[in-house]
Amino acid sequence: MEYETPLFFHVMQYAARADRDVVDMVSGNPDWEPPEALRDGLREYADFDPDRFQYPPSEGLLELREEIAARRGVDVEQVVVTNGAGEANYLAMARALERDRGREILLMDPVYSYYPGKTTMLGGTQSYVAADESGQLDPADVRAAASEETAAIVVNSPNNPTGAVYPEETVEELVAIAEAYDAILVGDEVYDHYDLSGEFASALEFDSDHRIVTNAFSKSLAITGFRVGYAVFPPHLVANAKSRHMLVNVAGSRPSQYAVLRALRETDPDYYERNRELLADRVATFTDALDAAGAEYTTPQGAFYVMARFDGYPGTLENVEKLIDEAGVAGMPGEAFGDSRRDWLRFALVTPRVEEAADRLADYFS
């Protein structure tokens, strides 16, 4: 079996080789500071005895799992600490397919481009439901697409790439659809701290054996390099998930988990609010420039991204490379996220150079 390398890597490598200065708006790597408590946790860990430098429990440090469980209102045994949200989604999709209820994974279009690759890797087949122009899902469309072959419905809210935030009634209906077809709703909530709308609803708000929620601290604590995520499984699905996690990874990073635990316990809510305000300011700055450039765009309700369409400039890889060479701005081609946004480009707002990038785009397309 051959796997296709995600376009992210191609675009990043192309931008790195450019002969000019380029503003990187490709990846969702927060440019702001992690909590000070996290740095303190790492400093403290360096002085621990040698036994603390050995394998942690495979499913994660008990204290961290307890902290997550308390925050999410679940039993600690349902929580598996993973190698970022990427592994959490992999485990969730694997458990859905292992139940032998079908091989279809129902994905949204536009789609976070790692979901289709994971589906292929796990031996599933992809089907897609198109979101509307704002990125919202109509549950009726999801219900119409579901069948007895549907093993999982994978959704991401706040959404990458559209910035849509699914309201409570949508999430509740998605859980109900999963129950009706004996499927698993996989809710990727990695951007939950970046809800700019006040409308975010977690799938954990609805009691069901047909939903798995995944998350990570990569975005919320600005530590994408630490690779600490988690998944919350229904009790009947968690044992095999822990076994697969152990076989794939053995365990996660003990120092990273310790530092995350300290950050969770000691970080004031103002930390998250400041970062949301920073992101909201960048959205306003960037979309003002898109107005000046005559672009069509979606104003995100959450997450880090703005999708834009420039007249006569479809979101192909060729045009992304041209934008790097001629405007000095690196974004992602819409074709990386499925069929429905092939004419669009996606820009990540996690750079202090958002205003500079906005000016470059406005000048280039004006």
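1. Buried is taken here as under 20% relative accessible area, exposed as over 50% and partly exposed as in between, computed with a 1.4 Å probe on protein chains only. By that criterion strand β7 (residues 211-216) is mostly covered, since six of its six residues are buried; strands (E, at least two residues) and helices (H or I, at least four) are DSSP runs numbered from the N terminus.

2. On provenance, this is a predicted model, in which local features need pLDDT of at least 70 and side-chain atom pairs count only at pLDDT 80 or more, while totals for chains, interfaces and linings use all residues. Residues are numbered from 1 along each chain as its sequence is written, and side-chain values use heavy atoms, with hydrogens and water left out.

3. To return to β7, its residues R211, V213 and N215 point one way and I212, T214 and A216 the other way, and all are buried. Strands are called paired if DSSP finds at least two bridges between them; strand β6 (residues 184-188) runs parallel to β7 and is joined to it by four bridges, whereas strand β8 (residues 229-232) runs antiparallel to β7, also with four bridges. V213 of β7 is the bridge partner of G187, and V213 has V232 as its bridge partner in β8.

4. A nonpolar core is a set of buried Ala, Val, Leu, Ile, Met, Phe, Trp, Tyr and Cys residues joined through side-chain atoms within 4.5 Å. The largest one has 98 residues, and F286, F310 and F347 are those with the most contacts inside it; helix α10 (residues 269-292) gives the most to this core, with seven residues. Apart from it lies another core, of 25 residues, which includes V80, Y90, L97 and V238.

5. With contact meaning heavy atoms within 4.5 Å, and with neighbours within four places in sequence left aside, F310 touches L290, A293, A295, L345, F347 and F365.

6. Aromatic rings of Phe, Tyr and Trp (its six-membered ring) are paired if their centres lie within 6.5 Å, with planes under 30 degrees apart counted as stacked, over 60 as edge-to-face and the rest as tilted; the structure holds 21 such pairs. The rings of Y271 and Y272 have centres 5.4 Å apart and planes at 80°, so this pair is edge-to-face, and both partners are buried, Y271 at 8% relative accessibility and Y272 at 11%. The rings of F304 and Y305, by contrast, form a tilted pair, because their centres are 6.0 Å apart and their planes are at 50°; F304 is buried at 1% and Y305 at 2%.

7. A charge is said to sit over a ring if NZ of Lys or CZ of Arg is within 6 Å of the ring centre and within 35 degrees of the ring normal. The charged end of R52 is placed over the ring of F48, 4.1 Å from its centre, and that of R341 over the ring of W344, 5.9 Å from its centre.

8. Because 13 of the 15 residues of α4 are buried, the helix is largely enclosed by the rest of the structure.
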